[in-house]
Amino acid sequence: MSGSLSYIIPFEPPPLLRERITVLGIESTSHTFGVGIVEYDGGRRVSILANVNKRYVPAKGGIHPREASITHMRNSKEAIEEALAQAGLKIKEIHSIAVALGPGLGPCIRVGATIARFLSSRLGKPLIPVNHAVAHVEIGKLVSGLSDPLVVYVSGGNTMILAGREKSYRVYGETLDIPLGNLFDTFTREIGIAPPYVVGGKHALDLCSEWGSEFIPLPYVVKGNDLSFSGLLTAALQLARREGRVDKKRLGDICLSLRETAFNMLVEVAERALLTTEKKSILLVGGVASNTYLNRKFELMAGEHNVVYKATPQEFSGDNGAMIAYTGLLNFIHGIVVEPSKAYVRQRWRVDEVEVPWVR
Amino acid sequence: MNVAIGEKIAEGAESVVFRGSIMGVDVVVKIRVSRSYRHPEYDRVFRSYRTRTEVRVMADLLAKGLRVPTPILVDMENYVIVMTYIRGRKLSHVISDLGGETLEEIYRDIGRQVGVMHASGIYHGDLTVSNIMITDRKEVYLIDFGLSGYSRDVEEYAIDLHLFDRSTRSLAPARADELFEAFMKGYQASFPRYLEVVERMKDIRRRGRYIEERLRRKLRREAYTS
């Protein structure tokens, strides 16, 4: 990241704290060890001083939790030092430490949690617990400037439609089995074109979709407001094994149809939730938010209902340290801190169980 | 036949619903609209499939004696269904106004009708308190079969129960348990495989979509003890 980016918090923060503070946030719930530093001016302005993210890329297969956590440990010192250098700060000048305590992979979260507990107790700085999913939503809201959007959160580990209501984010629809990013990763891995899953900002599934042109109907499973992708995965894999082995164009057709079906399902449930919640804007967050085709579909859908649509830019849509630092800051100015001895890792910390005081 | 189209009653994710009249009879006109975000070929298949299934399901349920709207006209070129208008209010709108006994009576009847539907190999797919109409005479009508289909898989029936219970719980959390019990009374009486469905429903709630470990343990315990 070059230079610092400055944003306005899209709501009125409480006047409890009128001083300038800096928060260092640590993210390590999955494949990324990230360190972000934000500065708050005591009013409504927040600057992102640093955002350093070191990704674990598996040589084969998917994320191996132990391997990922070892990689995080190796990267942690450098990431923290780089972030401090970017921000031009010394660790002692940081006001407080924020950390993502869940949801995610236990061994990975523990790396960030251990470092954060140490920094907090060694340096006597407040420790702030952050929910990873809430952080994705908050950084998206900050960067887009949307104060009360319908949020579509899609990544390798999550697929859910959220909207703020009475001090929490309510889940208006979610996957009943595997997340969308996982569907794409598993399919491309099984047919032998990944890893790497993402090359130059494009997913392997987008690349193989370019080989095809024809649409093949695949299982479309929407149950009420929830989604199910496991049947779609099985059907697409069976088809690929039967017909796509030798014929590259046919394999392309299957990729294209899989992507088309999965995205249509997601946009349909988002559309339902939009009509139920009557929100005036849609915000896409999470690792899949940078997908061009998904963005195009959401733009079209938002246009049909006359609502604003924004996707989170790549730097802040994938897992990153800045989102933890910023959400930690919001938590801190609303009085949410934790004792280092009680900062437990919560692998299955559901987003709708988190109290979010700034949401109406 | 000419259909006079009146005011828009509802706009869903995939259809627009109007009031209308045909030869002096009040009707509902449901038009499955095209969506620009869908692949054009897919858009056509999708609208055609859902329109056809919806009409077939309604016709089959009417033949079983259930209270559902009667399809009058179907236009498969424009994906339009014209059906009878149900004079009443949505359960979601009246749930907090109705007294305990009346409501339990209503839930027992919903259970009975859903049981008959499942016994006929049909699932609703979007069974919520917003898709049930209550008339002035407290008759129960099931509506909106846009996501319905034919299946002998217990999974689909269990999803219906799960969605219905969840929607009741979000609007009337204090009464949800007794209402579900009333629903089950009607359901057991009309669907012999009810035990399988309830087991599967508990299973669905324990599944994939992550929930806190302690809640997971609690659900597992309940599944073994009940």
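## Basis of the model

Residues are numbered from 1 along each chain as its sequence is written, and chains are lettered from A and ligands numbered from 1 in the order in which they are written. In this predicted model, local features need pLDDT of at least 70, side-chain atom pairs count only at pLDDT 80 or more, and totals for chains, interfaces and linings use all residues, while side-chain values use heavy atoms, with hydrogens and water left out.

## Aromatic pairs

Over all chains, the structure holds 13 aromatic pairs (rings of Phe, Tyr and Trp, the last by its six-membered ring, with centres within 6.5 Å; planes under 30 degrees apart are stacked, over 60 edge-to-face, the rest tilted). One of them is tilted: A:Tyr220 and B:Tyr42, with ring centres 5.9 Å apart and planes at 35°. This pair joins two chains, because A:Tyr220 lies in the loop between α5 (204-209) and β12 (222-223) of chain A and B:Tyr42 in helix α1 (residues 40-63) of chain B (helices are DSSP runs of H or I of at least four residues, strands runs of E of at least two, numbered from the N terminus). A:Tyr220 is buried at a relative accessible area of 18%, and B:Tyr42 is buried at 4% (buried means under 20% relative accessible area, exposed over 50%, partly exposed in between, with a 1.4 Å probe and protein chains only).

B:Tyr157 and B:Phe191 form an edge-to-face pair, 5.5 Å centre to centre with 80° between the planes. B:Tyr157 lies in helix α4 (residues 154-171) of chain B and B:Phe191 in the loop between α5 and α6 of chain B, so the pair ties together parts 34 residues apart in sequence. B:Tyr157 has 0% relative accessibility and counts as buried.

## Packing of α5 and α6 in chain B

The axes of α5 (residues 176-190) and α6 (residues 194-206) of chain B come within 10 Å and cross at roughly 145° (axes are lines fitted to C-alpha atoms, for helices over the stretch in contact; angles run from 0 to 180 degrees between N-to-C directions). In α5(B), B:Phe180, B:Met184, B:Tyr187 and B:Gln188 meet B:Tyr194, B:Val197, B:Val198 and B:Met201 of α6(B) (contact means heavy atoms within 4.5 Å).

## A:Thr32

A:Thr32 lies in strand β3 (residues 32-40) of chain A and is buried, with a relative accessible area of 0%. Beyond neighbours within four places in sequence, A:Thr32 is in contact with residues including A:Glu27, A:His72 and A:Asp319.
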